[in-house]
Each structure stands twice: as C-alpha cells, then as structure tokens.
Amino acid sequence: MSMSEKISLVRPDDWHLHLRDGDVLADILPHTAARFGRAIVMPNLKPPVTTVEQARDYRQRILDALPARSDFEPLMTLYLTDNTTPEEIRKARRSGFIHAVKYYPAGATTNSDSGVTDIQAVHAVLESMAEEGLPLLVHGEITDPAVDVFDREAVFIERVLLPLLARIPALKIVFEHITTADAVDLVRQTPERLGATITPQHLMMNRNAIFQGGINPHHYCLPVLKREEHRQALVSAATSGDPRFFLGTDSAPHPRTAKESACGCAGMYSAHAAIEFYAQVFDEAGALDRLEGFASFHGADFYGLPRNTDRISLMREAWKVPEILRFGKQELVPLGAGEVLSWRLL
Ligand code: NCD
Ligand code: ZN
C-alpha cells in the first residue's frame with residue numbers, strides 16, 4: 001500500500017464527457033479544464049451534433065466559454081444516425097478536430113431519440129470509419145424492453161457488439177462506460193482495437209447506492225449501477241495496467257429539478273472532482289502507481305494522439321464536496337455532494 005502524501009502525474013484526459021451547451025458551459029467547463037488537458041465531448045445535444053459544421057460551431061462555443069489562459073482542448077465527436085453518410089465521415093477525418101463517432105442505440109439514454117435504429121443499416125458508414133481510422137464510441141446497452149435493465153450491457157455484447165467486431169475487423173471501438181464483469185472479460189479477450197472507458201461512479205458504487213435510505217435519483221445514471229461483483233471487476237480492470245482500459249467520466253449534468261423529479265433523468269455530474277475520485281479508488285486498491293497509465297496515457301495511445309506533457313498534483317488532504325453547484329440559472333447536485341474526499345487537486 002502506497003502511503004504517499006502527494007502524487008504528481010502527467011495531466012490526464014477525459015475520454016467521455018458531456019458538456020451540454022449555452023449558459024451552463026461557463027459554469028461546468030472550468031471543472032474539467034482545471035484537471036484535464038483534453039476531453040472527448042459527447043454529441044447528444046438537442047438537436048444532436050450530426051455534421052462537421054455543427055461540431056465546428058459547438059467546438060467554438062466551448063473554446064469561447066473556457067477560462068482565460070486555459071489550454072484545454074475539446075475533442076469533438078459526431079452523433080451517428082441512420083442518415084450519416086460516408087462523405088460526412090471523410091469530412092470529419094479531414095477536419096482535424098473530430099476524433100470519433102458516437103453510437104447510441106435509439107432510445108437507450110438521455111437525448112438518444114435520433115440514435116441508430118439498426119446497426120446493420122449503417123454498415124457503409126462504419127466501413128468508412130474503419131478506412132479513415134475514426135473510432136466508434138459505443139453506448140453498449142440493448143434497448144429491447146423485454147431485457148432486464150441490469151442485463152442490457154451483457155445482452156448488448158452478445159447481440160450487437162460481438163457481431164459488429166466480427167463484421168468490420170478494422171474498426172476501432174471504444175466500449176463506453178463499461179459496468180459489468182462481462183464487458184471487462186470481452187475487452188481482455190479482444191485484440192487491441194477494442195478499448196473501454198470506466199467512470200468514477202461505477203468504480204465507487206454498486207447498485208445498493210440507488211436505494212440506500214430511500215430512492216436516490218443522484219445515483220441514477222445509464223448504464224445503471226450494477227452488483228458489487230461487477231464493481232470489483234471494474235476496479236481490477238482499471239488498476240491492472242492493461243492499456244485498453246482508460247478514464248472516461250461520463251460526467252453528465254442535469255438541473256437539480258430534473259433529477260429530483262417523479263421521473264428523474266439519468267446522469268451524474270463528476271467533473272468537479274473527477275481525478276480526485278479516481279485517485280481515491282486507486283489508493284484504496286493499493287494501486288496509486290497505476291493511476292497515471294489509466295488517466296493520462298492509455299486513452300491518448302488508443303486514439304493515436306500525443307500524450308500530454310505538463311503535470312498535475314494531488315495532495316492527501318480531506319476536503320468537502322459542495323452540496324450544490326451553479327448550473328446557469330439552475331442548481332446542480334454534484335457526485336459526492338456534502339461528502340469528504342481524501343485527495344485534493346493542487
Ligand atoms: C448521459 C446524459 O445525461 O447525457 N446520461 C447518463 O446517464 N450517462 C447520457 C449517456 O451517456 O448515456
Ligand atoms: Zn455519456
């Protein structure tokens with residue numbers, strides 16, 4: 001067990017982030033920019049970011065909302081729909097600022113109504129992505145209402161991901177926010193073109209957290225938290241040093257009123273303390289020496305981007321997460337609200 005009081009690591013990147021748009025950008029972006037050098041920005045706005053032009057404009061709004069002197073770089077993505085064309089994919093690759101395409105099965109999660117209804121139908125687009133070397137980022141949950149919510153990732157592997165891996169061997173895929181031992185096993189058994197992001201919430205909590213002391217909408221996200229044995233499999237994957245597992249927060253802010261509602265929506269906000277959460281997990285697993293690989297190297301290597309060169313430091317020092325953060329004209333309840341964390345960003 002490492003007893004270090006201070007750790008320094010090459011500046012990490014967040015390979016799965018929801019930044020939203022409009023007046024909230026200026027409230028949440030500083031949290032990410034203080035910690036991370038780059039982030040893969042998810043395209044599930046309303047309407048979704050489906051074209052290179054939309055991504056260019058969104059990127060500019062993000063850059064405009066950054067704190068002065070920030071070097072943070074948003075890595076943009078396109079939202080795959082039934083109507084995406086191979087031409088748009090080639091244009092995306094040429095843009096230089098689009099780094100991936102996100103696949104949401106239609107109806108799987110927040111703002112996924114425009115998602116793909118049948119992955120077979122977008123075959124030509126996926127082939128062009130393989131040719132251009134643009135990775136496909138997968139929200140890996142089957143949407144079949146007959147499948148138990150807690151089994152949707154495992155069933156997705158069988159029904160969609162395995163056939164897809166076989167059909168287009170040259171396509172790079174990131175299995176986003178994995179939540180199960182099944183997903184961990186799949187990544188371990190698949191050659192290098194399959195990577196996976198892991199969120200802080202799925203490393204820290206199991207599904208009991210949704211029901212502890214009454215139903216807690218702030219612990220609801222998609223894919224939903226799973227059993228303890230799955231959490232343990234994720235911790236072991238993240239801390240293993242295997243380069244196919246890397247950091248992706250899936251930080252997904254919603255206004256407090258949308259969470260604390262009769263039909264609370266899915267998503268947890270973790271950007272305010274993202275690297276601190278991961279440090280705590282790695283520390284508790286006795287694997288602080290593996291944090292830098294997971295947080296700062298593996299993702300960049302998978303995407304074929306240079307590693308960052310500057311550094312951040314964390315100190316072992318207790319601090320309390322605020323109960324509420326600003327979110328435009330609304331309020332945001334952050335992950336770990338009111339709780340004491342053991343690592344502080346310097
Ligand atoms: C995300 C959101 O709110 O945009 N919600 C979530 O629970 N993760 C969508 C997503 O990534 O599934
Ligand atoms: Zn997400």
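So, Arg69 sits in the loop between helix 2 and strand 4 (73-79); helices here are DSSP runs of H or I with at least four residues, strands are E runs of at least two, and both are numbered from the N terminus. Keep in mind that this is a predicted model, where local features need pLDDT of at least 70, side-chain atom pairs count only at pLDDT 80 or more, and totals for chains, interfaces and linings use all residues. Residues are numbered from 1 along each chain as written, chains are lettered from A and ligands numbered from 1 in the order written, and side-chain values use heavy atoms, leaving out hydrogens and water.

Back to Arg69: its phi is near 65°, a positive value in a residue other than glycine. Is Arg69 buried or exposed? Exposed, with a relative accessible area of 80%; buried means under 20%, exposed over 50%, and partly exposed in between, with a 1.4 Å probe and protein chains only.

Now Arg20, in the loop between strand 2 (14-17) and helix 1 (25-35). Arg20 also isn't a glycine, and has a positive phi of about 60°. This one counts as buried, at 14% relative accessibility.

Why bring these up? Because most residues other than glycine have a negative phi, and most peptide bonds are trans.

One joins Lys46 and Pro47, with omega about -5°, and Pro47 is in the loop between strand 3 (38-41) and helix 2 (52-65). Another joins Leu222 and Pro223, omega again about -5°. You'll find Pro223 in the loop between helix 7 (200-204) and helix 8 (228-238).
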